Amino acid sequence: MGAEGSIAVAWNHRHLIDLDAVTWPEIELIMRTTDEMKGVLARPIRRVPALNGRRVTMLFYEASTRTRVSFETAARNLSADVVSIATATSSVTKGESLVDTIRTLEALGAEILVMRHSVSGAPYLAADIFGGHVLNGGDGWHAHPTQALLDLYTMREHLPDGDLHGRKVAIVGDILHSRVARSNIWSLTAAGADLWLCGPATLLRGFDRWAAAWSGGAIPGHGRFNVTSDIDAALRDADVVMALRIQRERMQGGLLPSLREYAARFGLNAERVALAKPEAIVMHPGPMNEGVEIAPDVAVSGRAVITEQVANGVAVRMALLYLLAGVHETARTGESIR
Amino acid sequence: MSPKPDARRVGARSGGRQVHLGPEVGQVVGRFELEGAWLVDPVSGREGPGEIVVTDGLLESVVWLKGTEAAGVDDKGVVVAPGFFDLHAHFREPGFEDAETIASGSAAAAHGGYTSVALMPNTSPALDEPGVMERIRSAARAGGSPLEILAFGAVSAGRAGDQLSAMGELADAGVLGFSDDGAPVRTPKLLRSALLYAGMLGLPVVDHAEDSELTAGAEAHEGYVASVMGLAGWPAAAEVNAVSRDLAVLEDALRDEPRARLHLAHVSTAAALALVRRAKAAGLPVTCDVTPHHLALADEWIAGARRWSWEALGADGTSRDPWADGALHATPYNTALRVNPPLRTPADAAACLAALLDGTADAVATDHAPHTVVDKEVEFGLAANGISGIETALGVLLALVDAGRLPLARALAALTVGPAGVVASWPRLATTPAARRRGLTEGAPADLVVFDRADRWRVTPEALRSKGKNSPLLGRDLSGRVLLTVAGGRLAYEDREADSTES
């Protein structure tokens, strides 16, 4: 508590579903807790008894091996009992309701539910009926808070004093369908970064209006951000460059002419990355389509911190499981899930 | 039935508000007087203090009070108005009786002050042939409610958007017109045929104006809120495009069939209302309605805001930012807010109100769409569209009245003479009972609602008579508790709790 003169902040969110309800001091608490967890991960035996006997259930309605394994590893490092359930969203539409599933899992003893779902907002429905804690592992296009937090942690490791103020961060790709981009908007505008979102106009729909709404510093604790289809403008003098995955369905949906054209106009290749600052880092939330949104040589270059993101992901998720598990009944009296 | 010897009385806000009439729902009301109430007669346009006497189901006398007699009576207390007419409701029978039945829907409507309701044909089977109309009629009779239950037939067989339904037989069976509601009339070609054939019969086509190509997979109005919440956008352009199509096809059809009529249901965007305004000015025989929820709620409710739409307007008439205002208090993604057309921006809601005030919108219709818990207690993107709204329509409009944005008489006109005027504009129906003028007419069967603006009631699952508890207003207090609804001289609803609260 109160380490290094920082203001003592208590974690009192019962759930973590989105970063819109999390304050900057709380994000800093998560960052400090992640530091501690990285210390654990540096030990010969990477396991602490913090969540010994606590039951963490993974409920994944969308295939995602890497996110699931990251959460499972984090939970096991804290000595939690882990149960994993993978199910297709299609079973939901076949009459197996999320509500039934959550009630069943609770009856089976689930305490912390890590949830991945293809429908935006689904974790709020889960949190509404679940007696324990919900940790969002990504919902629809809406939010992926642990990804944004591991991105933030990784950026801070590479920036002087871990300070993002005025640092230019460019996120390039399918912004419209990206929960990673949405969560990063909340965290990076809170961090004071100079955030730029870039992609083809069809995959940026609505974000101009969003950026305009925030342009006057309207949202307390959050700065403005920029939206552009000009990749050079987005990358020029950037401190951080992040590519997002482009999915093939976007062509069938008539949003992109071809992946080839996307790669030619928006792909992160060495020439484009050279527009960024010499010390800029290159990030990707994975899984990558090498040769589409990111060139293979960029993905493995010295600037790429993509494997660091994966490693930090375990530490951030350990920190969040630890913080959520420490929230007791007293913090559960508020009527709203926010 | 013999007259009640003990005439019952309603006094405005005096605490003497007692309306227990004795008869059960469906029975002819005996004799009762209402004294010192605020009377609103949308036909004559008159409102003021007055009293009414009902004898054996007939509205025997309407007396307007003056001078000292009228002292202390104002429009903030007990109000008497003609019974309401809903042009657009879903009672789900036949086929979806777990969501609503004619009986439960009628009870809900009466609780909302309605005495006439027009049902939409998206039942199972669809109302695309006269046998289904007969089923609806017999269910209405069996239910014992005195409400006037009317219905629209389907435009297309099975509402599939291919062939015309049995339009002529349906007209003979007494439908009000034709609609594939829930979905738009699928193609402009089908719409043209429907307008011509229905026009020949003297009946309208009622379209749910939506360009389904633009809304495939859509979850919420396309705009700032949907962007932030990661919901697939439902663009205003989808409604504008469909209204534009409908008006162009109507204009074309009129050349061949001057009796072609078009009614646009639940218009929700400023741009589409502007098109209707222009078409009306050009003399096209088009009418439209707006819903209570599109008037009073906005897309920001999905994010957790719970302020009325007019409270979310900036000084310049643009929509405010609920995140910036710290206005988000409720759990987001409440599926009771998922509705088609979607809740729009506060600026669109203001345009709906402006349309009501300038006559572009002819009526308020509820689009009462009850759903089961099973269809609503799911992920937002998988939830059924619809709001259970026939019991809250009056309270929502009174919120607009209380806020000084809508005159009381205009609000009540939109629930009475407004919809009646729409029906009267359809040639086959112009002189039928469905198109009757809804006023406080002496000598006619009593058809009226009595409500108390000073008495608030809480919207709860228990308070709602509808089987559909899918109201985004649950937990909220609304003014204008309905005390009494009389339909065609028979008791439709009586607030018996009001009795028990009187000591």
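**Close-up views of a predicted model**

**View 1. The two domains of chain A.** Chain A splits into domain 1 (3-144 + 311-332) and domain 2 (146-309). The model is predicted. The centres of domain 1 of chain A and domain 2 of chain A, taken over C-alpha atoms, are separated by 25 Å.

**View 2. Where the domains of chain A touch.** Here 24 residues of domain 1 of chain A are in contact with 23 residues of domain 2 of chain A. On the domain 1 side, α1 (24-41), β4 (133-139) and α14 (306-325) of chain A each supply at least two residues. The most come from α14(A), which gives six residues. By class, this side of domain 1 of chain A has 10 nonpolar, nine polar and five charged residues.

**View 3. Helix α2 of chain B, end to end.** Helix α2 of chain B covers residues 130-143, 14 residues in total. At 1.5 Å a residue, α2(B) should span 20 Å, and its end C-alpha atoms are 20 Å apart, so the two values agree. Just after α2(B), B:G144 takes a positive phi of about 80°.

View 4. Buried residues of α2(B) are B:V132, B:M133, B:I136, B:A140 and B:G143. They cover an arc of only 105° around the axis, so they sit on the same side of α2(B). An α-helix has 3.6 residues a turn, so residues three or four places apart point the same way. The face of α2(B) turned away from the buried side carries exposed residues: B:G131, B:E134, B:S138, B:R141 and B:A142.

Technical notes:
Residues numbered from 1 in each chain as written. Chains lettered and ligands numbered in written order. Predicted model: local features only at pLDDT ≥ 70, side-chain atom pairs only at ≥ 80, totals over all residues. Helix = DSSP H or I, 4+ residues; strand = E, 2+ residues; numbered from the N terminus. Expected span 1.5 Å × (residues − 1). Buried ≥ 20, exposed ≤ 12 C-beta atoms within 10 Å, placed from the backbone. Arc of directions from axis to C-beta. Domains from an automatic or database assignment. Contact = placed C-beta atoms within 7 Å. Nonpolar A, V, L, I, M, F, W, Y, C, P; charged D, E, K, R; others polar.
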